[in-house]
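Trainee: I would like to learn how to read a model like this one, feature by feature. Could we go through it together?

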Amino acid sequence: MSQTTSHPHATAIASTTSVDYRVLRTVPTYEQAQRIVDALSDAEFPVEHVRIVGTGLRSVEQVTGRMTNGRAALYGAGTGAWLGLMIGLLFGIFTVGAWLPVVLWSVVLGAIWGLVFGLISHAVTGGKRDFRSIQGFEADAYDILVEADYSGMADAKLHPRSAS
């Protein structure tokens with residue numbers, strides 16, 4: 001499976017099996033994997049030949065609280081107010097004279113519409129999802145993979161021999 005990133009110079013990520021990779025290190029946390037790649041970069045290793053691959057992936061959903069009608073209305077009003085602020089500022093640019101009332105009315109109307117739609121969207125669930133949560137992925141370990149042609153150089157950059 002390949003995916004693209006939002007970086008303007010990035011290209012699609014090729015499958016890990018399309019290139020011969022060697023495991024340089026396996027570490028338990030992503031932060032440790034980042035530190036190793038950063039150390040390679042600091043040692044002027046061509047890090048474009050390195051991958052960090054999470055193994056043993058699992059989806060994790062952390063429940064953060066109960067969703068009530070009041071919270072649905074509050075979150076909807078907040079989202080609507082932000083949208084109203086953006087629209088109000090846009091309209092305010094083209095307003096001759098007092099632009100502040102235009103912005104304020106946009107925020108108020110956005111909050112009201114957001115509140116209504118927040119309540120409606122919560123009611124539509126029919127009580128089947130009365131909680132809020134954050135979803136993410138966790139890995140058991142992270143492999144730092146280096147293209148086979150560069151694996152010796154990468155190992156040497158991480159463990160330089162002391163001159164004595």
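Mentor: Gladly, and let us begin with contacts, meaning heavy atoms within 4.5 Å. In the protein chain, 81% of the contacts between residues at least 6 apart in sequence join residues at least 24 apart. This is a predicted model, in which local features need pLDDT of at least 70 and side-chain atom pairs count only at pLDDT 80 or more, while totals for chains, interfaces and linings use all residues. Residues are numbered from 1 along each chain as its sequence is written, and side-chain values use heavy atoms, with hydrogens and water left out.

Trainee: What is the mean pLDDT of the protein chain?

Mentor: pLDDT is the predictor's confidence in each residue, from 0 to 100. The chain has a mean of 87, and 88% of its residues reach 70 or more. Over residues 1–10, however, pLDDT stays under 50, and the model has 5 contacts beyond four places in sequence for that stretch.

Trainee: How many helices and strands does the protein chain have?

Mentor: Helices (H or I, at least four residues) and strands (E, at least two) are DSSP runs, numbered from the N terminus. Here there are 4 helices and 5 strands, in the order β-α-β-β-α-α-β-β-α from the N terminus on.

Trainee: Which residues touch the most other members of the largest nonpolar core?

Mentor: In soluble globular proteins, nonpolar side chains tend to be buried together. Buried means under 20% relative accessible area, exposed over 50%, and partly exposed in between (1.4 Å probe, protein chains only). A nonpolar core is a set of buried Ala, Val, Leu, Ile, Met, Phe, Trp, Tyr and Cys residues joined through side-chain atoms within 4.5 Å. In the largest one, of 13 residues, V50 and I144 touch the most other members. Helix 1 gives the largest share, 4 residues. Beyond four places in sequence, V50 is in contact with V37, L40, F45, I144, L145 and V146.

Trainee: Which residues of helix 2 are buried?

Mentor: They are A72, A73, G76, A77, G80, A81, G84, G88 and G92, and their cover includes helix 3 (100–124).

Trainee: What is the phi of E44?

Mentor: Most residues other than glycine have a negative phi. E44 has a positive phi of about 65 degrees although it is not a glycine. This residue is in the loop between helix 1 and strand 2 and is exposed, with a relative accessible area of 70%.
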